[in-house]
Amino acid sequence: MHDSSGARARILSRLRAAPPAPAPALPDWRAPRFDAPARLDRFRTMLEAMKAEVHEVDAADWPRRLRTLLDNRGVRAVVHGDGSDAARQLAEAWSADPQAPRLVAYDRAIEQWKGELVHGVDAGVTAAVGGIAETGTLILWPTAAEPRLMSLLPPIHVALVEEDTIRDSFAEVILEQGWAGRMPTNVVLVSGPSKTADIEQTLAFGVHGPKELIVLVLKRSGGVRPIPG
Amino acid sequence: MTADVQTGAGAPKAGSFAERAHLALDDKPLRANFRRAMDGLMAKRAAQFPDAADLAALRARGAAIKERALARLPDLLEQLEARCTGNGIKVHWAETTDEANRIVLGIFREHGVKTVVKGKSMVSEEMHLNAFLGEHGIQAIESDLGEYIIQLAGEMPSHIVMPCIHKNKGQIGALFAEHIEGQRYTEDVDELTAAARRVLRDRFAEADAGISGVNFAVAETGTLVLVENEGNGRLSTTLPPLHVAVMGIEKLVETLDDIPPLLALLPRSATGQPITTYVNMITSPRREGEKDGPREVHLVLLDNGRTRVYADPELRETLRCIRCGACMNHCPVYARVGGHTYDAVYPGPIGKILTPQIAGLDAAGDLPHASSLCNACVEVCPVKIPIADILVRLRREAVRPSASNAVKGAGGGWTLSESSAWAGWKWLHANPVLYRLGSRALALAGNLIPAGLPPLKAWTSVRSKPKFAPRTLHQLARDKGFDDA
Ligand code: SF4
């Protein structure tokens, strides 16, 4: 392997030889805040403005609702995580029904089934660890149980988000959840389906990632729970 | 006007900026493409910042974050390297683009890489990485739709955020019909987009490695932050078994909580979006038990003249740039001549200050003059780079009689005639007797100087010749009773 330690030493020494400048203090800046009803409204409005579909559903009943949504789109194969809560709920609700879309578990390394995942599934279901109202954003924190490509390769991405994990701003999330001390391999903020405006500033969807994003906001009766993860 | 210029293709043309600008100004389709795009982008950005006070606070924060990171740059680079290494990302340093290219090639050779998919990266354009890899038998495919289009056309990006902004859908339709098997000519944007998806899907699946740029690197956590709308950046950094990221040494922030304000500035300034579809934060290669993601991640830190820019406290502000492109969207010169006229990787106002510092004033000394100093770029820059001041500084550096060392190629524009003219001007203005004689002479005879001949010709070719008043200001003042005038 190329040894770049000489370049490293020279770059750093040139930077250190430059006249020092004081590091300025950071002036005050506050991310926007929302009240409880406005928060969910904002989350929904922003996502819808970016052509995502948002449904508020009962946390116990989402697999049935999803079934209808996917049937309307002619979905035949759905990829889900291996051992995640969402996967268990889906299997319980759909497995007895021969008409339901085929459930495909992401239970192998990508190398073992690249072809199928790249071309062969219609939708992927992931659970977001939270949402951000300001920008209409889902926070995906991929794990071994919910790998990275599930939300990216299938033409439809379904994201579940618990209503009480929606926060006002990204700044609030990072701070509240102490991200700096526990960054995972990869974390992705998702704010709509894949899109491009490279041809004459005309919006087109699904250029590389999902063409559709369906967000299910899970509502629970009962108290506020802490954000998992 | 030759036929190929009328295509709006805007391929790089030889000669000076002024010569290329004239060609671009006569290219009607090109001008229409840019005008439409720039008007749209300006309106969208304005709609994103309805509150002037909020915007001012956000920009102040953004500028301070980048200024602080620069003030601590060497320490933070070491911290970034230590964190990345701890996370399993291999870090490399390159002083020149050639070194950076060889590092990337070395990594690829070691892994037997044949084809590579690329996410959008301006630094890789700076390196001319695709051409370099091609010469060494490795095919690099651009996967950002705009970059893919200009790669098919064999052109350079004309905008740092929207690389094929100079093309219309008819031109793109023709390009696809020619290059993509089974694709008919169409101007339907959805169909064109779907065609690109089809072709590139397979490329992603086959690729041995992915290349990406970096929008922000977080020293505190060793995290690489990439923003994009298409998902090609995520694919390039997730699907192939190997990921190589290239970044300029200035793309650094100190802490993770520096990211939200910068994210609140970048997409809104760039394309008038509240946020990009994807914000991709990469902290390590695939960990034990994880089922996808590259098994190896490399980060190449590129200097390419940035340490020299850093050495001068005023010019250093150039390095705050977050590459949003707002300065070009609002630049009256850029909007009329388009990106290719600059014949440089970075066009528009940021290019006018960055290119001469990297390539040298002797090579790109005309760029700082391609500005009316109207200050539009300074007003929109999210990190408050004093672009106009730096333009003036570079103009001065270009004609320094004894080359100062601050900028590469300084003094390269010095000429005896210009220098003597200004020396004479200074002398005249510092000497009351001479000044009075000179201004009286011009009042009497100035209007007789022919406009169409040197020395006035260059000025009057695009402006009317100034008319000299019959009496000087001093004479008028004295008439009014100011006796010490
Ligand atoms: S100079 Fe400012 S406005 Fe121009 S690209 Fe850089 S950050 Fe954006």
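How many residues does the contact take from chain B and from chain A? The contact takes 98 residues from chain B and 76 residues from chain A, where contact means heavy atoms within 4.5 Å.

This is a predicted model, in which local features need pLDDT of at least 70, side-chain atom pairs count only at pLDDT 80 or more, and totals for chains, interfaces and linings use all residues. Residues are numbered from 1 along each chain as its sequence is written, chains are lettered from A and ligands numbered from 1 in the order in which they are written, and side-chain values use heavy atoms, with hydrogens and water left out.

**The interface**

The size of an interface is often given as the accessible area lost when the parts come together. Between chain B and chain A, about 7,700 Å² is buried, and carbon and sulfur atoms give 60% of this area. Buried area is the accessible area (1.4 Å probe) that two parts lose on being put together, summed over both. The rule finds 10 salt bridges across this interface; a salt bridge is a side-chain nitrogen of Lys or Arg within 4 Å of a carboxyl oxygen of Asp or Glu.

**Salt bridges**

Side chains of opposite charge can pair when their charged atoms come close. Over all chains, the structure holds 47 salt bridges. Two examples follow.

| Salt bridge | N to O distance |
|---|---|
| Arg8(A) and Glu81(B) | 2.6 Å |
| Asp168(A) and Arg39(A) | 2.7 Å |

**The ligand**

Among the residues that surround the ligand are Cys321(B), Arg323(B), Gly325(B), Ile350(B) and Pro382(B); a residue is near a molecule if one of its heavy atoms lies within 4 Å of it. The shell around the ligand divides into 10 nonpolar, 1 polar and 1 charged residues. Ala, Val, Leu, Ile, Met, Phe, Trp, Tyr, Cys and Pro count as nonpolar, Asp, Glu, Lys and Arg as charged, and the others, Gly among them, as polar.
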